[in-house]
Amino acid sequence: MASSLKVLGPLLALLFPLCGLLVHSQNVSWREFVKQHHPSTNWEFSKYKCSDLMRERGVSKDENYHIFVYTVWHNIEHICIRNWRDHYRNVYIWAPYPFKTLKCYRKNSKNNYKDYKSYSYIEFHCGMNGFVDDIEDMQLLEDISN
């Protein structure tokens, strides 16, 4: 028994940091989603402009439109939680409540965008790691005029 502990101890000590790296790497898609689609709630929603956000976030200029979701980040994070210890994985889920959204349509010039603000229901994709990694669809609830 003591000899097996001598062997297992160093082996577990080597595997423990690898487990941390695995968990850390699985959250890359979530962090990328937040970076690309979640503006800070420290500013008022009305102050955000598409041209500024698109340039600031480095969003691909090949997209015809891009969506930003204005809410506290944990509202999005909890979309994929099934219960207190289990997550939905590789499924599409409609959020049960609407979000303020800013949809940026590219104008003729690649650096100019038209702002379209609304309250919308959003269908999110829960990735294999159990976190939101994409926006699949939106259903307009109410237009928000500037």
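Tutor: Two strands pair if DSSP finds at least two bridges between them. Helices (H or I, at least four residues) and strands (E, at least two) are themselves DSSP runs, numbered from the N terminus. The model is predicted, so local features need pLDDT of at least 70 and side-chain atom pairs count only at pLDDT 80 or more, while totals for chains, interfaces and linings use all residues. Residues are numbered from 1 along each chain as its sequence is written, and side-chain values use heavy atoms, with hydrogens and water left out.

The strand to examine is β6, which runs over residues 113-126. Ten of its 14 residues are buried (under 20% relative accessible area, with exposed over 50% and partly exposed in between, for a 1.4 Å probe and protein chains only). Strand β6 is therefore largely enclosed by the rest of the structure.

Consider next its partners. Strand β5, residues 99-106, pairs with β6 in the antiparallel sense over eight bridges. Here Tyr 105 stands opposite Lys 114 of β6. Strand β4, residues 91-94, also pairs with β6 in the antiparallel sense, over four bridges. In that pairing, Phe 124 of β6 is the bridge partner of Ile 93. Ser 120 has Leu 140 in β7 as its bridge partner. In a regular strand, side chains alternate between the two faces of the sheet.

The hairpin of β6 and β7 deserves attention. Five residues lie between its strands, and Gly 130 there takes a positive phi near 85 degrees. The loop between β6 and β7 also holds Phe 131, which counts as buried at 15% relative accessibility.

Rings of Phe, Tyr and Trp (its six-membered ring) pair if their centres lie within 6.5 Å; planes under 30 degrees apart count as stacked, over 60 as edge-to-face and the rest as tilted. A search of the whole structure finds nine aromatic pairs. One of them is Trp 30 with Phe 33, a stacked pair at 6.2 Å centre to centre with 15 degrees between the planes. These two residues are three apart in helix α2, residues 28-37, so about one helical turn separates them. Both Trp 30 and Phe 33 are buried, and the relative accessible area of Trp 30 is 8%.

Trp 30 also meets Phe 131: the ring centres are 6.3 Å apart and the planes stand at 35 degrees, so this pair is tilted. It links distant parts of the chain, since Trp 30 in helix α2 and Phe 131 in the loop between β6 and β7 are 101 residues apart. One aromatic cluster is formed by Trp 30, Phe 33, Tyr 97, Phe 99, Phe 124 and Phe 131.

Finally, two charges sit over rings, a contact assigned if NZ of Lys or CZ of Arg is within 6 Å of the ring centre and within 35 degrees of the ring normal. Lys 117 lies over the face of Phe 45, at 5.2 Å from the ring centre. Lys 103 lies over the face of Tyr 65, at 4.4 Å from the ring centre.
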